[in-house]
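Work through the exercises below with the sequence and the model open. Try each task before reading its solution.

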Amino acid sequence: MHPRIEDYALIGDEQTAALVGKDGSIDWLCLPRFDSASCFARILGDEESGHWRIAPAGADVCTRRAYRDDTLVLDTEWETSDGSVRVTDLMPQREHSPDVVRVVKGLSGRVTVRSTLRLRFDYGSITPWMRKSGGHRVAVAGPDSVWLRSEPAVRTWGEDFGTHSEFTVEPGEKVAFVLTWHPSHEARPPLVDPFHALHTSVKDWRRWASHCDYDGPYRDAVVRSLITLKALTYAPTGGIVAAATTSLPEELGGVRNWDYRYCWLRDSTLTLEALLSAGYHKEAEAWRDWLLRAVAGDPADLQIMYGLSGERRLPECEVPWLPGFAGSTPVRIGNGAVNQLQLDVYGEVMDSLWLARTSGLSTKPHMWNMQRALMTFLESAWRQPDEGLWEVRGGRRHFVHSKAMVWVAADRAVRTLEAYPKLAGDLDGWRAMRDEVHREVCEKGYDPERNTFTQYYGSRTLDAALLLLPRFGFLSPGDPRMVGTVDAVRAELGHDGLVRRYTTDDPPVDGMPGSEGAFLACSFWLADALHLTGRTEEARELFEHLVGLTNDVGLLAEEYDPVSGRQLGNFPQAFSHIGLVNTALALFGGDKAG
């Protein structure tokens, strides 16, 4: 059987990440960056798409696995008739080139272990040339070169376009493998000591996790989510990718398969809130600085997403030779939604910079001038229809959430001038704009018969993003219209306590065939909205349910199917883990664990 999405664990070095299955196989890895072409893509194909499995001979899935406490170091154990063995997987912090370290340790008996490495560069399309060099196996194809070695050396041979090793371990014996990538035109990088790397990685991750300010219930889940966010951070720039993968489906066998290895502006405020509230000001400032660099330029050219370093061109294409996860095609790289107009991102940027300023992050001299330019553009552009938060491909509409986020932009501009009167700006004009947008949304985006805001002007459909309106201050949580909206979203978009983003019934507003699962971030938003509207006990019950959906190592994908009990979408998903952190802090921030 093909592994499920929730069968994977994550390892990474804050520049890229790998997914490790319960069978001991690394089935996804892009080198040297998150958005590079993969060298292992079995998750989207089969073994010939590239993978690296280390496991006892003849064994299937592991007996147990877990991260070492407060780290991104993964231990996977098998118990066999011959004894037991552990494989420890990690990617140490990068000094020169990316390394994958895999340490095999005998626990009991005498166990035969096999390693099978199939490197397939460029998303499974290129089989490299392999050669021996000074105790290494070296793979080269075009710009890519990978070196593999073991300590101590073990019997290794080539067969069926793969590299195979076999050895035995007894209690306490260790064999370490190191896989290192570098540009093929450069000399081999310095060797990494795998045992020292393991020790240092554990120490470094635990030191980082110890800075978490949260000490309430579900602390382990919160820390795991924060570690996941850290792992999805591209350390050289501070950008945070939405997920480590591309094209894991929102519907098994469906076409809703997208590339999430980029940085979205929609996540900016909620990401900052999570990092600041948990005590990670350095990471919050790095994310803020990435945001300022990415959005610099003509406000009319503001994009909804950018590359890891702020790249703007992310052309979308299909990879026809990969059959997709569970037959879900097409497999896409790049993301065509980059060219959409989404007015909500202007509100996200303005709100993020307001939060950064009021939270004590250092200010930048050009920051306010850039914000003024954004507002000048928005003064005329806000009346346009757009594609909305969810990047619909079914045509532009006047989405209520987008207009509400325009209100947020104007509100934060006004509040900034009120709090910092020495700054220049059109205070009266922005106040008038704020009032006009609010009035229009309440008139055109509200259905008085059903006592709920709607997905877009004149529609009867709903949108889970409406749950964010009280959080951003558009209406007070106790406003009857807001209470009615929370109840309507819960009733019409809910399933087993979880929430879909919107209805995909005909005609689908997103212009795509098929359906999708419940969106986990939206389900956390529902818990937040219940809490804000005075139903804290229900919010806590929902939060507990959501935490229970994490896989065995505490990770969440983008979506969850309550019918099949399967995680769906790209994995692990930053938006889902941001929701977990923020909801935990909202519900239990004043509590102590135990």
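**Exercise 1.** Compare the reach of helix 13 with the expected span, and decide how enclosed the helix is.

Solution. Step 1: helix 13 covers residues 574-588, which is 15 residues. Helices (H or I, at least four residues) and strands (E, at least two) are DSSP runs, numbered from the N terminus. Step 2: the expected span is 1.5 Å times one less than the number of residues. Step 3: from first C-alpha to last, helix 13 reaches 21 Å, close to the expected 21 Å. Step 4: 14 of its 15 residues are buried, so helix 13 is largely enclosed by the rest of the structure. Buried means under 20% relative accessible area, exposed over 50%, and partly exposed in between (1.4 Å probe, protein chains only).

The model is predicted: local features need pLDDT of at least 70, and side-chain atom pairs count only at pLDDT 80 or more, while totals for chains, interfaces and linings use all residues. Residues are numbered from 1 along each chain as its sequence is written, and side-chain values use heavy atoms, with hydrogens and water left out.

**Exercise 2.** Describe the surroundings of Gln 15.

Solution. Step 1: Gln 15 lies in the loop between strand 1 (9-12) and strand 2 (17-20). Step 2: its relative accessible area is 14%, so Gln 15 is buried. Step 3: leaving aside neighbours within four places in sequence, Gln 15 is in contact (heavy atoms within 4.5 Å) with residues including Phe 34, Arg 94 and Tyr 234. Step 4: the side chains of Gln 15 and Arg 94 make a polar contact at 3.2 Å.

**Exercise 3.** Which strands stand at the edges of the open sheet of eight strands?

Solution. Step 1: the strand order is 6-7-8-9-16-13-12-11, with antiparallel pairing; two strands pair if DSSP finds at least two bridges between them. Step 2: strand 6 (64-67) and strand 11 (129-133) each have a single partner strand, so they stand at the edges and one side of each has no neighbour in the sheet. Step 3: within the sheet, strand 13 (residues 144-151) and strand 16 (residues 174-183) pair over eight bridges, in the antiparallel sense. Step 4: Trp 147 has Thr 180 in strand 16 as its bridge partner.

**Exercise 4.** Summarise the whole chain.

Solution. Step 1: the secondary structure comes to 13 helices and 29 strands. Step 2: of the 594 residues, 62% are buried. Step 3: the C-alpha atoms fill a box of roughly 75 × 50 × 45 Å along the principal axes.

Methods
Polar contact = N/O pair within 3.5 Å; in protein donor to acceptor, adjacent residues only side chain to side chain.
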